[in-house]
Amino acid sequence: MAEFIDEISPRTYGEDRLRLTLTDPRQILRAFAPVLISVDYVAALPEGIVLPLEFTVTAPSEVNSTRMVFRRFAPNELAFTPREGGSYLIRLAEMWHNLWWGRLTLEIAGDRLRGA
């Protein structure tokens, strides 16, 4: 019975297995400058990932948040351009399968948008 339960809901379900890092760690992070993020899937082996993957950028102002779904390929690099300064949460996650995910928090230099 225990083997059956492990197949339905493995112990690795929902783990942080996707590693997100800045492509250039020396990059100065500022508003209106593109940010490139490298994705490492090695910790998801040997099972691997299953598409679709959801990429979200949560910005200080909700109006600047972004969501993208990758249905045909697993990206090796992600990009976004922040439109204001503040804390950003970047997340890439499996939408199905084992629900593995990775996240990165970045502090972007620049002013916050007014009225947002």
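Two strands count as paired if DSSP finds at least two bridges between them. Strands here are DSSP runs of E with at least two residues, helices are runs of H or I with at least four, and both are numbered from the N terminus. With that settled, in β7 the bridge partner of L89 is T105.

Now the model itself. This is a predicted model, where local features need pLDDT of at least 70 and side-chain atom pairs count only at pLDDT 80 or more, while totals for chains, interfaces and linings use all residues. Residues are numbered from 1 along each chain as its sequence is written, and side-chain values use heavy atoms, with hydrogens and water left out.

The chain has one helix and seven strands.

I'll start with the open sheet. Three strands form it, in the order β1-β2-β5, with antiparallel pairing. Because β1 (19-22) and β5 (77-80) are at the edges with a single partner strand each, one side of each has no neighbour in the sheet. On average, neighbouring strands of this sheet are turned by 30 degrees against each other, direction ignored; the axes are lines fitted to C-alpha atoms, and angles run from 0 to 180 degrees between N-to-C directions. Between β1 and β2 (residues 35-40) there are four bridges, and L20 stands opposite V39 in β2.

Next, the other pairings. β3 and β6 are antiparallel over six bridges; L53 has E94 in β6 as its bridge partner. β6 and β7 are also antiparallel, over eight bridges. Their hairpin has six residues between the strands, and H97 takes a positive phi near 55 degrees there.

What does the core look like? A nonpolar core is a set of buried Ala, Val, Leu, Ile, Met, Phe, Trp, Tyr and Cys residues joined through side-chain atoms within 4.5 Å, and buried means under 20% relative accessible area with a 1.4 Å probe, protein chains only. The largest one has 23 residues, and I90, L92 and L106 have the most contacts inside it. Two or more residues come from each of β1, β2, β3 (53-58), β5, β6 (86-94) and β7 (101-108).

Take L92. Leaving aside neighbours within four places in sequence, L92 is in contact with residues including L20, V39, L53, L78 and W101, where contact means heavy atoms within 4.5 Å.

Last, the totals. Of the 116 residues, 37% count as buried. Among contacts between residues at least 6 apart in sequence, 64% join residues at least 24 apart.

Definitions and conventions: Buried < 20%, exposed > 50% of the residue type's maximum accessible area, 1.4 Å probe, protein only.
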